[in-house]
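Here are my notes on the model you asked me to look at. Please read them with the structure open.

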Amino acid sequence: MRRAFIRTLVDLAEDDERILLLTGDLGYTVVEPFAERFPARFFNVGVAEQNMLGLATGLAESGFIPFVYSMTTFIVLRAYEFIRNGPVAHGLPVRIVGVGGGFEYASAGFTHFGVDDVGVMRVQPGLTIVAPADHEQAASALRATWRQEGPIYYRLGKDDVSTVPGLNGRFDPQRPQTLADGHELLILAMGAIARQAEEAVKQLAAAGHSVGLIVVDTVSPPPLERLRHALASVPVAMTVEAHYLVGGLGSLVSEVVAERGLPCRVVRCGVATMPVGRTGSEAYMAAQHGLSTEGLVASALRALNGPAEAGHYDS
Amino acid sequence: MRSACRLRSLSVGAQEAGHDVAATKYHGGGHEIIPSHPMNKNVVARGRSSVTDRDPATSLPALAKQIRLAILHGSKRANVGHIGSALSVTDILAALYGQVLRVPAPDDPQRDRFILSKGHAALALYAALRARDWIDDETLAGYCRDHTFAGVHPDHHLPGIDFSTGSLGQGLSFGAGAALAAKLSGADRRVYVLLSDAECNEGSVWESVMFAAQHRLSNLVAIVDVNGQQALDHTHRVLDLSPLESRWSAFGWQTHVVDGHDLEQLTATLTCDAASAAPHVVVARTVFGKGVSFMEGQIKWHYMSMNDDEYQLALEQVDR
């Protein structure tokens with residue numbers, strides 16, 4: 001996603017000189033196409049995320065459209081108060097690009113896990129959050145949103161090869177992408193983990209279940225009416241995200257269900273415990289937290305067949 | 001050196017392309033950002049139009065007195081503190097708003113930018129904005145009242161406030177961004193950021209200090225209000241910042257040390273050569289609570305508000 005994103009940004013920057021790219025000394029073999037094409041519009045600001053967000057605020061106030069690039073944890077969490085008091089408070093078009101949602105930097109350890117970024121960003125009013133599911137969608141999401149007013153957070157993955165079957169790069173900020181229809185269970189997925197969700201839906205269908213799948217790519221502002229409509233027609237919804245259970249897609253879907261009074265049970269699949277200690281590959285970490293295809297299928301079958309299990313807060 | 005050349009090369013390119021990106025005003029009404037308009041390119045030659053130009057009777061000392069009185073009035077009316085911090089920057093603001101800043105109108109895209117990074121001195125800033133007629137008496141009198149814009153810390157919804165501040169350690173990064181924007185656009189805008197000395201405790205300040213030096217943002221002027229005090233104690237007893245000027249110069253800034261209450265020295269220094277190769281820091285030696293004898297150098301006047309007797313005495317001392 002990150003390379004597709006930067007390639008697209010280069011194209012856009014050819015036609016609009018307000019676009020700048022700032023990086024917090026990250027993006028080796030990723031940001032070079034922009035840096036080489038527009039050396040005067042590229043700034044490695046050093047390992048200094050707070051200043052990077054402040055710079056972007058000052059640049060945007062003067063009419064530029066700065067993209068700031070780092071890993072999700074560093075750019076969101078280290079710079080969070082600058083995001084809040086800068087682009088959010090001033091309504092400025094700063095584009096915050098965070099790479100590594102979920103366990104993409106798995107072996108790098110806890111400091112590099114993007115498992116809380118959406119939760120903290122979602123509480124900020126006026127901050128658009130876009131979480132593409134694959135590299136094709138990352139490119140189309142950038143093209144569809146970069147000119148809009150106000151700040152945007154793009155939550156990207158590293159994978160520039162895999163795609164989510166059936167998505168074909170479609171993106172519409174007002175409408176989440178429906179990849180399968182079903183009346184027994186609706187799975188809603190955010191980010192690159194949508195690929196595992198799609199595979200799980202296939203396996204569930206092969207086993208005779210009618211399971212729908214929606215990729216929620218614009219998390220804020222949420223596509224409320226579309227979500228309400230989809231959730232109103234199923235008895236159980238299962239959210240899938242490489243993110244803590246609190247604050248992300250599971251919370252969003254629960255809010256919609258509760259506020260709209262929908263007769264739909266919500267099962268949240270995500271990171272339920274603090275992922276410190278034992279480490280391994282992305283697949284290993286995902287599996288440990290029930291986010292492998294097998295884990296998702298098992299959760300779906302429990303949701304389909306069994307009574308309501310204990311919730312996150314019961315443990 | 002490479003950075004400076006890079007900045008120059010883009011500014012030429014931008015002008016040739018018939019755009020001044022900096023003239024593009026962010027538009028809140030539509031769904032998209034309005035593209036830059038070639039008409040915005042014309043940069044009006046700007047002199048230093050100021051309060052004192054418009055009304056010769058308003059000398060800089062008179063403006064400083066006007067600001068001090070407004071601080072006392074506003075603080076007493078609202079029963080809100082931060083008086084000492086506001087009084088310590090009063091002469092700096094008088095120099096800036098009376099003479100230094102080139103701001104034809106608060107929404108002019110080509111205006112110099114000013115950022116009160118030590119936002120808790122906002123009352124002094126409101127008084128300066130009132131002197132420029134950018135806010136009215138009602139706004140100033142509304143300080144800390146319900147349903148008004150003038151709170152303890154400045155909010156950009158108020159005319160003349162370029163950036164909202166209040167959390168220390170953020171303003172210099174906004175200012176470095178604004179200064180970089182001016183350089184990229186080939187504009188002669190200057191950016192002034194007023195920090196407190198204790199604000200230099202924040203690591204983020206030094207991130208911005210390093211960036212500005214690396215990119216030779218000579219159009220950026222940081223002013224540090226060195227009153228030697230912070231909320232709970234004297235700065236040297238909390239995190240000793242001395243020698244402050246050597247710290248900034250070690251980071252590559254051109255350092256100027258001034259008496260922060262000497263208006264002539266302030267105006268001369270704040271209009272220093274923007275063509276130099278380095279950003280400028282003006283280390284302004286000030287007295288916390290300047291002008292009110294019983295507040296000067298007293299920690300308690302960071303947060304305390306005045307009783308009636310103190311208020312009367314303060315007024316007499318400032319107004320004499």
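1. Is helix α4 of chain B mostly covered or mostly open, and how many of its residues are buried? This is a predicted model, and in it α4(B) is mostly covered, with 18 of its 18 residues buried.

2. The length of this helix can be checked. Helix α4 of chain B takes in residues 83–100, and at 1.5 Å a residue its 18 residues should span 26 Å. The C-alpha atoms at its ends are 24 Å apart, which agrees. The helix is bent, by about 45° at B:Thr90.

3. The largest nonpolar core has 195 residues. A:Phe5, A:Leu22, A:Val68, A:Ile187, B:Ala124 and B:Ile223 have the most contacts inside it. The element that gives the most to this core is α4(B), with 11 residues. From chain A, domain 1 (2–156) and domain 2 (177–306) each supply at least three residues.

4. Leaving aside neighbours within four places in sequence, B:Ala124 is in contact with B:Ile67, B:Ile71, B:Ala86, B:Val89, B:Thr90 and B:Leu93. One of these, B:Thr90, is where α4(B) bends.

5. Now the two domains of chain A. Their centres, taken over C-alpha atoms, are 26 Å apart. Contact between them involves 26 residues of domain 1 and 27 residues of domain 2. On the side of domain 1 that touches domain 2, α6 (117–122), β5 (128–130) and α7 (135–145) of chain A each supply at least two residues. The largest share, four residues, comes from α6(A). By class, that side of domain 1 has 14 nonpolar, seven polar and five charged residues.

How values were computed: Residues numbered from 1 in each chain as written. Chains lettered and ligands numbered in written order. Predicted model: local features only at pLDDT ≥ 70, side-chain atom pairs only at ≥ 80, totals over all residues. Expected span 1.5 Å × (residues − 1). Bend = angle between axes of the 7 residues up to and from the residue. Buried ≥ 20, exposed ≤ 12 C-beta atoms within 10 Å, placed from the backbone. Domains from an automatic or database assignment. Contact = placed C-beta atoms within 7 Å. Nonpolar A, V, L, I, M, F, W, Y, C, P; charged D, E, K, R; others polar. Core = buried A, V, L, I, M, F, W, Y, C linked by C-beta atoms within 7 Å.
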